[in-house]
Every structure is written in C-alpha cells, then in structure tokens.
Amino acid sequence: MTTYPRKLVVIITEGALEAILARELMALGAHGYTIADVRGRGSHGAREAAWEADRNIRFEVICDEAVAEKIASTLREKYYDDYAMTLFVADIGVLRPQKF
Amino acid sequence: MGLDPVVLFFLLGVAARLLRSDLRLPEAMYEGLSIFLLLAIGLKGGVELARQPLADILPQAGAVVVLGLVLPLLAFPVLKYIGRLDHYNAAAIAAHYGSVSMVTFAVALAFLVDRAIAHEPYLPLFVVLLEVPGIIVGILIARLGGGVRRIAWKSLAHEVLFGRSILLLAGGLLIGWIAGPDALAPQAQLFFDLFKGVLALFMLEMGIVAAGRIRQLRRTGPFLIAFGTLMPMVFALIGGLTGRLIGLSVGGTMLLATLAASASYIAAPAAMRIAVPQANPALSLAAVLGVTFPFNVVLGVSLYYWLALRIHGL
C-alpha cells in the first residue's frame, strides 16, 4: 500500500463557532472538513452537550503542511483567547493525494 | 392548590442530576420536544390572532418592543456597579435578562389554562418580539466597552432571526393565522391536547440541565444568586405595569410579567459567544439556568399571577 504524507488537523471547540470556523477553514485553503458533536471535560469545565449552548464540536481537516500551519497560527491568534479550543496536528498517510 | 405537575417533573430532573443518576433525554428527543413546543405555542397564538383586528395589537406590540429594549439597560448598571462584574460580562448577562425564555412562558401559559384564567391568546406574538431587542442592546453596550472586534452583524442577524426558536414561533403564528381555527382542527389533538404532556417531559430535561449549573454557583458567589432572583421580580413588576398600561387582562398582564422576568438560555448565549466572546458563559448560564429559570417556574409564575391581580386592583 502506497500512502502519501499529509497532516490531520483536529480542532475541538465550542459549538457556537461551527459556522464561523467552517468558513474560516475553507478560506485558509482546506479542501474539506468533518464535524462531529462531542462531549468532554477540560479547563472550561464539563461540556455535556445537554442543550444548545453546551455543545462541543470536533473539526477534522486533512491538508498539506502549509495549510496546517496557516490554520494553526490563524486560529491561535483569533480564537484562543476567548474560546475553549484545543488544536493538534498528526501525521497521517492518505491514499489519494490529489483529494487533499 | 398543590404544586403543578409540570413543576414536579422539573424537580424530578433536578433530583436526578443531584443524585448523579444516568438519566438524560437523548439530544434528538430534546430537540424534537422543543420544536413541538415552539410550533404548538405559535399555532395557538396564530389561530387567535386571526380573530383579532391587527390595528388593536400594533400599539401593544410597539410598547412590548420598547420594554425589551429598556430591560437590559436597567440590568447592566446593577451588574456592573453593584455586582462589580467587568463590562463584557455585565453586558452579556444584561442581554440574557433582556431576552426571554419560551419554556418559562409555556409554564405560565399552562398555569393560566389549568385555572381557566382568561388571557389575550395572541401573547405568543410578544415572545417573538421580546427575544431579539435585549440581545441587540446587550451587544451595543458591550461595544461601548471598546476592544470588541468588528461584529459581523449580517451573520449574527441571520443566526438570531432565523434560528430555530424565532423561525418556528413566527412560522407557527403565521400558519395558525393563515389557516384559521377550522382548518387546524384536525391537528388540534396533536398540538393542543398533548401540549402539557410534552411540556412535562421537556421540564424533566430542563431540571437536569438547570441542576448541572447549580454547582457553578458556589464559585460565582452570592451576587448572581441575589441578582437571579431579585432582578426577575423587579422586571416582572415593570412588565406587569406595562401590561396594565397597554390594556391587557389579568392573565395577559401575568404573561407579560413572566416574559419580562424570564431570561434567555438559548438565543442569547449563542449570540453572546459570537458577538461578545470576552464574556464568560459560565457566569451568565449559572445565573440564568441555575437561579432564574428554577425560581421562575417553581415560585415566580404564581407570584407574577398574584402581582397581576394586585396591579389590576383585585
């Protein structure tokens, strides 16, 4: 199996940011993203997804290194101060490099 | 008269949470129930709106919008100067209290229907009118504090105006108004007869959600507890007097008092996270859900009925 190296950017943040981040990620050069509703606990306390204002979401973006850098630096600058946000990047291998 | 079963369901939810039960309504069910409640309230109001001359309602509607603009302006200085909260948190919490809670309104409505107390049936229209002004005033106050980055009013307006609650309430009102009572009769069983049962289920979940916020109150201190109970009472008085002024009946006065006393926990938190991100949502939600919502549904609704009677000199 031949795979091509890409970055997987994972962002866990407040549900309130869904529409804004979706636009932001595409503008930064992502080719797409996946969103999931998640629950958990962190420095902002437990997020139980019990009702609208309590939702947390997880964005997953597969992209090349340059776009991953851009996403990480932009989000850190614009959202880290005011929002609950965790971002990490993993090295992954994809089968169809033209897609990402 | 014993406690309303709807309130007992709420208390069961609170107990479930405090006892660390694993009880939780699935999110899809919570959303489904809230869609039902919004539509049912809207339809009921719309059916009755069809029987009213609009010219009578318009001046009342204007007064209600003014009420929605004034309430957060009153809450803000209390939060900032007595509560010593920073500018952004004071503005954000003021916005929550300027806006309204549909579920609190539903509980008040059920209270009146149970006791066969007459009220203007088009009051759901006022829920729609009161949801937005408080939020806008809160955002404007926050901007006076400086440091708020450019606000994307267009996307914010889209979010607030076309969010689920306004869309379904206003949509229900329109459908009821256009279709009229006779055409809606076949749907009456679902939307009107089952209303209280659905509200009871929803209140079970609200009890769980509200109790989840109670623990945070220990950290936020006594001011928010005092604010969360006293401010609604003051607002209820203002809302009640407004109701009297615009010629509402006792039932209508009580509903408007309840609306003024209630605080938003869906539309306002979402809008504030986007428009005033510096504000800490844990503070506003602890006050709104941990204090004001339980206070209003357990004690407030009967209190505001008593208040409405006094305002009408009865």
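User: Where does B:Arg84 lie?

Analyst: B:Arg84 lies in the loop between helix 3 (54–82) and helix 4 of chain B, where helices are DSSP runs of H or I with at least four residues, numbered from the N terminus. This is a predicted model, in which local features need pLDDT of at least 70 and side-chain atom pairs count only at pLDDT 80 or more, while totals for chains, interfaces and linings use all residues. Residues are numbered from 1 along each chain as its sequence is written, and chains are lettered from A and ligands numbered from 1 in the order in which they are written.

User: Why is B:Arg84 called exposed?

Analyst: A residue is exposed if 12 or fewer other C-beta atoms, placed from the backbone, lie within 10 Å of its own, buried if there are 20 or more, and partly exposed in between. B:Arg84 has 9 other C-beta atoms within 10 Å, and is therefore exposed.

User: What makes the phi of B:Arg84 worth a remark?

Analyst: Most residues other than glycine have a negative phi. The phi of B:Arg84, however, is positive, near 55 degrees, and this residue is not glycine. B:Ala116, in the loop between helix 5 (102–114) and helix 6 (124–131) of chain B, also has a positive phi, near 50 degrees, and with 7 other C-beta atoms within 10 Å it is exposed.

User: Why is B:Ala236 called buried?

Analyst: B:Ala236, which belongs to helix 11 (residues 222–245) of chain B, has 25 other C-beta atoms within 10 Å, so it is buried by the cut-off of 20 or more. Leaving aside neighbours within four places in sequence, its contacts include B:Ala257, B:Tyr304 and B:Leu307, a contact being a pair of residues whose C-beta atoms, placed from the backbone, lie within 7 Å.

User: Why is helix 14 of chain B called largely enclosed?

Analyst: Of its 31 residues, 23 are buried, so helix 14 of chain B is largely enclosed by the rest of the structure.

User: What makes the crossing of helix 4 and helix 14 of chain B right-handed?

Analyst: A crossing is right-handed if the near helix is turned clockwise from the far one by less than a right angle, and left-handed if anticlockwise. The axes of helix 4 (residues 87–98) and helix 14 of chain B come within 9 Å and cross at roughly 35 degrees, and the crossing is right-handed. Axes here are lines fitted to C-alpha atoms over the stretch in contact, with angles running from 0 to 180 degrees between N-to-C directions. Among the residues that meet there are B:Asn89 and B:His96 in helix 4 of chain B, and B:Leu283 and B:Val288 in helix 14 of chain B.

Key
Helix = DSSP H or I, 4+ residues; strand = E, 2+ residues; numbered from the N terminus. Contact = placed C-beta atoms within 7 Å.
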